[in-house]
Amino acid sequence: EIERLRGDADLLQHKKREADTARNDLSRLKDSMVDDTRRAKENESMRQKYVDDLKNKMDDERRRLESQLREFEGEMRQERRLREEAEVREHRLLEDAKRRQDDNKARRVKETEARGKFETERKRLNEALKMTEDISGKLREVEPRLAQVHTDLYIQGDKPLTLNNPATLGSFAQVGAGYSLPPSLGGSMNNSIAGAEGLA
């Protein structure tokens, strides 16, 4: 009986050691699981922190890009507005240049016409001046003869004052000799003087 009890005691002791070993293994496993859980939580925290940091960086980058996009769009609108204004100014300058060109062309035409009219009037004036000079010269040549005619007509009272008087007709003929007026003025007078020469 004692041997049996010793055997049972040894068996119990062996099972106790196995139980202690199992308990120790469970304790180590528990500690390991606790450590794994803690490391997992730490890793999760680090991962979440990394994700949050990455998200913040992405949000910052998104805001930066959106700000740059808004600035770029503003610059594009400004450039488009400036280009439109430049096109309007260019169109106005082209219109002004064309208008000035047309005005210059019209002015040159008017100046040419005015110069033509001026030259025509100058020639007419020169012709009139020359005609006046010619008439003045002829009048200076005729004055002595007119004086003689006046003497023959009004001073010599001893002769009849008629066109049949040879002396009177001779004076007229001398007055008209070598004198002719311009066609526009002297047609009838030249005819009269020629008639007087015929009578003389």
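# Close-up views of a predicted helical model

**View 1. Lys49 and Asp53 on helix H1.** Lys49 and Asp53 both belong to helix H1, where they are four residues apart, about one turn of the helix. In this predicted model, Lys49 forms a salt bridge with Asp53, and the closest N and O atoms are 3.2 Å apart. Asp53 counts as partly exposed because its relative accessibility is 31%, a value that falls between the limit of under 20% for buried residues and that of over 50% for exposed ones.

**View 2. A nonpolar patch around Leu54.** Tyr50, Val51, Leu54 and Met58 together make a nonpolar surface patch of about 400 Å². One of these residues, Leu54, lies in helix H1, which covers residues 2-155. How accessible is Leu54, as a relative value? The relative accessibility of Leu54 is 37%, and therefore Leu54 counts as partly exposed.

**View 3. The pair Arg23 and Asp20.** A salt bridge joins Arg23 to Asp20, with the closest N and O atoms 2.3 Å apart. Both Arg23 and Asp20 lie in helix H1, and the three residues that separate their positions correspond to about one turn of the helix. Asp20 has a relative accessibility of 23%, so this residue counts as partly exposed.

**View 4. The pair Asp36 and Arg39.** Here the side chains of Asp36 and Arg39 meet in a salt bridge, with a distance of 2.3 Å from N to O. Why are Asp36 and Arg39 separated by about one helical turn? The reason is that Asp36 and Arg39 are three residues apart in helix H1. Asp36, with a relative accessibility of 37%, counts as partly exposed, and Arg39, with a relative accessibility of 37%, counts as partly exposed as well.

**View 5. A network of three charged side chains.** Which residues are linked with Arg38 in a network of salt bridges? Asp35 and Glu42 are the partners, so that the network consists of Asp35, Arg38 and Glu42, by the rule that a side-chain nitrogen of Lys or Arg must lie within 4 Å of a carboxyl oxygen of Asp or Glu. By this rule, the count comes to 18 salt bridges.

**View 6. The helices and the confidence of the prediction.** The protein has three helices and zero strands, and reading along the sequence gives the pattern α-α-α. Among the elements of the protein, helix H1 has the highest mean pLDDT, at 86, whereas helix H3, made of residues 183-199, has the lowest, at 41. Over residues 157-200 the pLDDT is below 50, although in the model this stretch has 42 contacts beyond near neighbours in sequence. The average pLDDT of the protein is 76, and 75% of the residues score at least 70.

**View 7. Surface and contacts of the whole chain.** The protein exposes about 16900 Å², of which carbon and sulfur atoms supply 56%. What percentage of the 200 residues of the protein count as buried? The value is 8% of the 200 residues. Among contacts in the protein between residues at least 6 apart in sequence, 46% join residues that are at least 24 apart.

Methods: Residues numbered from 1 in each chain as written. Predicted model: local features only at pLDDT ≥ 70, side-chain atom pairs only at ≥ 80, totals over all residues. Heavy atoms only, no water. Patch = residues over 30% accessible without salt bridge, like charges linked within 9 Å, V, L, I, M, F, W, Y side chains within 5 Å. Areas by Shrake-Rupley, 256 points an atom, 1.4 Å probe, with all protein chains shown as cover. Helix = DSSP H or I, 4+ residues; strand = E, 2+ residues; numbered from the N terminus. Buried < 20%, exposed > 50% of the residue type's maximum accessible area, 1.4 Å probe, protein only. pLDDT = per-residue confidence, 0-100. Contact = heavy atoms within 4.5 Å.
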